[in-house]
Amino acid sequence: MDAISYLELLKPSYMSLGLERLEGVLKILPFEIPSNNIIVAGTNGKGSTCAYLSSILRKAGLKIGFFSSPHLIDLFERIRINDKPIDIDSLNKYTFLLKDLLEKNKKDLTFFEFLTILSLWYFKEEETDLNILEVGLGGRLDATNIANSILSMITSISFDHTNFLGKNLKSIAKEKAGIIKEKVPTIVAPQKKSVLEVLKEEAEKKSSSLIELSKEAKIKNKSLLLEGLSFELITKKNKYNIFTSHLGLYQIENSSLAILAAENLSETLKFPLTPEAVERGVASTNWLGRLKKYNLNGKGIYLDGAHNIGGIVALTNSIKKLKLNDLNIGFFAFKDKNPEKLIQKIVPFSKRLFIFSLNNERALKYEEWEILCKKIGLKNYEIIKGEDFEKSIFEKNIQLYTGSLYFIGEVLKCLRK
């Protein structure tokens, strides 16, 4: 059995949050968990913010470990050093070292917990300068929160995973704020008033200085064109002319948050950070599945993993700014992500909506999609069965794909062909 096959066996059919299993495993590890970590929580923008920060720090000359989730194309992309995914030999090595250790000590870990420990072991052995850990779900009880950090970051918080994190924004914010560590600074994106109150309260309890993007930086001269997004960022330390080929307006916030974090780390760890490193770092960032133009047989198409209400609203704001109206839109969302509301948000921008009925246990069946579409009064739509997925990607004139990151990953696999 290889590492991938073994890891697949660990995937649960249900979510299991908590740090008890990990705390038991930490006592038997043959290495000390590295503490040179930046932990990033939030509802939307975590992955992009982590990717921008990783790229900036690499341009500054540092060796950066990056643990992210979920993967879009293959599992290797979750664990990177200097943007290079873990190789099969290293994945096999650390998988079976950890597997043998757990079996010998009669311990168990979930899929995500196992990958978290594996990545930290790999980063430790490879002697990375800094590690960026993207929280999987929530924060307080997420496996990444077992590691100490030198900086905490919280991106935009909105409704998501309400069955685990709470039914209101304050409850969700409380869970996300669980990554705030004692006397470790916390950088936060602009938030709703009720959310910011929770973050301030938690930061005060932990004697953590709360660094707010809205107070620390000014954004000027925003421009969004089909070629990319540009703006001027003025912080208390420098002025930057920023360009990114990612087209979501939300990337202004994500990249600015990453720049503020890089400045903070540069000051704390005493490494040089030039405006050129920052600007080149942002410009060279490529984060799969966030609003960007791709090529399909010479034709431009757009992909964006807008998998919750906050994400879909951010996408529609960018569509309006880019004047991309009357699009043929391909859509899929899991049934626990409130697909009805997501469709209602995206439909005003669609000429025709292509809904994909994928073969997945978390997905609505073809007949259930039919019932849902009739319930909300959709007019111009087509439901595509799972077996026709790949054929439809190449034959239907779909200009924008959005919804679940799993769906975007499946589309990207087709594009690679």
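These legends go through several close-up views of a predicted model. Residue numbers start from 1 along each chain as its sequence is written, and side-chain values use heavy atoms, with hydrogens and water left out. Because the model is predicted, local features need pLDDT of at least 70 and side-chain atom pairs count only at pLDDT 80 or more, while totals for chains, interfaces and linings use all residues.

**View 1. The largest nonpolar core and Y401.** Here's the largest nonpolar core, with 92 residues. A nonpolar core is a set of buried Ala, Val, Leu, Ile, Met, Phe, Trp, Tyr and Cys residues joined through side-chain atoms within 4.5 Å. Buried means under 20% relative accessible area, exposed over 50%, and partly exposed in between (1.4 Å probe, protein chains only). L53, F356 and Y401 touch the most other members. Helix α10 (residues 250-269) supplies the largest share of this core, eight residues. Helices (H or I, at least four residues) and strands (E, at least two) are DSSP runs, numbered from the N terminus. Another core, of 56 residues, lies apart from this one, and its members include L22, L115, L165 and A173. In soluble globular proteins, nonpolar side chains tend to be buried together. Zoom in on Y401 and, leaving aside neighbours within four places in sequence, you'll find contacts with I301, Y302, L303, D304, G330, F356, I393, F407, I408 and V411. Contact means heavy atoms within 4.5 Å.

**View 2. Helix α1 against helix α4.** The axes of α1 (residues 3-10) and α4 (residues 88-104) come within 9 Å and cross at roughly 50°. That makes α1 oblique to α4. Axes are lines fitted to C-alpha atoms, for helices over the stretch in contact, and angles run from 0 to 180 degrees between N-to-C directions. Angles under 35 degrees count as roughly parallel, over 145 as roughly antiparallel, 65 to 115 as roughly perpendicular and the rest as oblique. On the α1 side look for A3, I4, Y6 and L7, which meet L91, N92, T95, F96 and K99 in α4. Sorted by class, this contact has six nonpolar, two polar and one charged residues. Ala, Val, Leu, Ile, Met, Phe, Trp, Tyr, Cys and Pro count as nonpolar, Asp, Glu, Lys and Arg as charged, and the others, Gly among them, as polar.

**View 3. Helix α12 beside helix α13.** This pair, α12 (residues 309-322) and α13 (residues 339-346), has axes that come within 10 Å and cross at roughly 10°. The two helices are therefore roughly parallel to each other. From α12, I309, I312, V313, L315, T316 and I319 make the contact, with K341, L342, K345 and I346 from α13. The class tally here is seven nonpolar, one polar and two charged residues.

**View 4. I79 in strand β3.** I79 sits in β3 (residues 79-81) and is buried, at a relative accessible area of 0%. Skipping neighbours within four places in sequence, I79 is in contact with F66, F67, K84, P85, I86, L115, L118, S119, Y122 and F123. The C-alpha atoms of I79 and L120 are separated by 9.4 Å, although these residues are 41 residues apart along the chain.

View 5. A cis peptide bond joins S69 and P70, with omega about -10°; P70 is in the loop between β2 (64-67) and β3. N82, in the loop between β3 and β4 (84-85), has a positive phi of about 50° despite not being a glycine. N82 is partly exposed, with a relative accessible area of 37%. D326, also not a glycine, has a positive phi near 55° and lies in the loop between α12 and β14 (327-332).
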